[in-house]
Amino acid sequence: MKNIMIIGGDGFCGWPTSLHLSAQGHNVTIVDNLSRRRIDEDLGAESLTPITSIEERILAWKEVSGNTITFSNVDVAKDIEGFANLIKTTKPDTIIHFGEQRAAPYSMRGLQEKLYTVDNNINGTHNMLAIIADQGIDPHVVHLGTMGVYGYDGDGLEIPEGYLSVMVPGDDGEVFKRDILYPTNPGSVYHMTKSMDQLLFQFYAKNNALRITDLHQGIVWGTQTDETRMDERLINRFDYDGDYGTVLNRFLMQAAMGHPLTVHGTGGQTRAFIHINDTVRCLALAVENPPEKDGKVKILNQMTETHRVRDLAHLIARTAGADVAFVDNPRKEAAENDLRVSNKTFIDLGLEPTTLADGLLSETVEIASKYIHRARKDTVACVSTWTDAQKPGVIHHEAILRVHDAA
Ligand code: NAD
Ligand code: USQ
């Protein structure tokens, strides 16, 4: 049994992970400033699923499982004293850090959102590392990073787990081998903060011998896990709005509401995906397998499959009966890319990937259909653009492809 502090434990990935680790017998403390719930209010958006308050969630979990999860409302980016005291009193064996502003479109929305994303994400991560170093303690830090730090150049090279071995020619013809952090190529201010996080980890692992695992996670889809479906009060959040909704969940939701699936540009973007069930399993595996105290950050790619956006749209259109709309891409990204990724470490640790082919698409469509009466249609369009010159991703009706009619 470990003492586990989960920063961002009220969020989409953090909540099911908190329940899963509590169910495994760990002593879980959630630290969250509930900023995500406030951003929902500001955006006029909300989870499609009816999430209860954090207090009610924790009470329901106690009733269902008999296990206690503790909650502290602390802003880890701002309240340094509160955060430091919490670490001192809870003495965590493991700190899992989910607590960042995680939407790329939100981070590109305007000046305030850019500033907030950088302040919140970089300060939160650095405060955590500096406090640990200051207290001279040795918790295993597990951070949620992103596949997006590698960028999407798409030249067919398999993306390794964090490091690239390079051969550097010296002056006298001698060749030196170096393992360097894979050069970052972020595609949004949000992804840039994850790239910057990597340097903070590299420094504190080297300077203070902190044990750090950085999980470069792909796009998470699905909503429920074994624990969140035990009681409706435990239900996980389901984002579908233009800023926080991720592509596969958005398409499943759009299909359920009879809205054309909004493919950005040609839909040639290839991305890495992972089901929320596998996210919680990967976190449990990461917690059980901390790195050595060897000055090097352990980086794992946390994804299970790659897909091209337009292929996903056609798959969902065929299975759920929906139209596909090719809309102006509000982002700056390669129109077409290939993506090959190594996820060797998790596979070797025993992860059995849940793939799109495993029937969970229909489970997510069912969830989307069940709560469709709560959908706010006006939040579906992607209105945040990467530059002022770009147009939002709204539908032009001549660009709708009637896939199910053609099938
Ligand atoms: P989320 O927005 O649902 O949850 C993040 C949680 O962190 C929220 O509950 C929020 O209130 C909290 N938080 C944010 N800033 C905080 C602060 N300063 N102090 C305390 N709490 C704070 O996001 P998510 O989808 O659960 O993502 C969790 C992590 O996983 C993020 O770091 C994200 O970058 C990463 N990730 C997510 C995905 C995905 O598809 N959802 C994919 C790859 C990586
Ligand atoms: N896209 C569409 N139509 C939509 C929404 C998105 O075509 O309606 C496209 C986007 O243009 C992009 C791709 O789908 O090419 C993925 O977009 P996304 O919003 O699903 O994912 P992204 O912005 O990359 O961010 C999400 C999470 C983030 C996490 C990242 C993992 O919000 O927290 O870090 O996935 S990764 O993509 O691997 O970097």
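**Ground rules.** Helices (H or I, at least four residues) and strands (E, at least two) are DSSP runs, which I number from the N terminus. The model is predicted, so I keep to its own cut-offs: local features need pLDDT of at least 70, side-chain atom pairs count only at pLDDT 80 or more, and totals for chains, interfaces and linings use all residues. Residues are numbered from 1 along each chain as its sequence is written, chains are lettered from A and ligands numbered from 1 in the order in which they are written, and side-chain values use heavy atoms, with hydrogens and water left out.

Entry 1: I began with strand pairing, where two strands pair if DSSP finds at least two bridges between them. Seven strands make an open sheet in the order 3-2-1-4-5-9-13, and the pairing is parallel. Which strands stand at the edges? They are strand 3 (69–72) and strand 13 (298–302); each has a single partner strand, so one side of each is left without a neighbour in the sheet. On average, neighbouring strands here are turned by 20 degrees against each other, direction ignored. For such angles, axes are lines fitted to C-alpha atoms, for helices over the stretch in contact, and values run from 0 to 180 degrees between N-to-C directions.

I then walked along some of the pairs. Strand 2 (residues 27–31) pairs with strand 3 in the parallel sense over four bridges, and Thr29 stands opposite Thr70. Strand 1 and strand 4 are parallel too, with four bridges; His97 of strand 4 is the bridge partner of Ile7. Four bridges also join strand 4 to strand 5 (residues 140–146), again parallel, and there I found Ile95 opposite Val141.

Entry 2: Gly136 follows helix 6 with a positive phi, near 60 degrees. Among the buried residues of helix 6 are Glu113, Asn120, Met128 and Leu129.

For the cores I used this rule: a nonpolar core is a set of buried Ala, Val, Leu, Ile, Met, Phe, Trp, Tyr and Cys residues joined through side-chain atoms within 4.5 Å. The largest has 36 residues, and those with the most contacts inside it are Met5, Ile7, Phe83, Met128, Leu129 and Ile212. Strand 1 (3–7), helix 4 (80–90), helix 6 and helix 7 (189–208) each supply at least two of its residues. Helix 6 gives the largest share, five residues. A second, separate core of 33 residues includes Trp15, Leu21, Ile54 and Ala286.

What does Met128 touch, with contact meaning heavy atoms within 4.5 Å? Not counting residues up to four places away in sequence, I get Ile7, Phe83, Ile95, His97, Val141 and Phe201.

Entry 3: Strand 12 (residues 270–275) and strand 14 are antiparallel over four bridges, and Arg271 stands opposite His307.

**Entry 4: helix 12.** In helix 12 (residues 360–370), Leu360, Leu361, Thr364, Ile367 and Ala368 are buried. Seen down the axis, they fall within an arc of 120 degrees (taken from the directions from the helix axis to the C-beta atoms), so they line one face of the helix. Glu366 and Lys370, on the other side, are exposed. The buried residues pack against strand 10, helix 8 (247–256), strand 12, helix 9 and helix 10 (309–320).

**Entry 5: Cys13.** Is Cys13 buried or exposed? Its relative accessibility is 13%, so Cys13 counts as buried. Cys13 sits in the loop between strand 1 and helix 1 (14–23). Phe98 is 85 residues from Cys13 in sequence but 7.6 Å away in space, C-alpha to C-alpha.

Key. Buried means under 20% relative accessible area, exposed over 50%, partly exposed in between (1.4 Å probe, protein chains only). Contact means heavy atoms within 4.5 Å.
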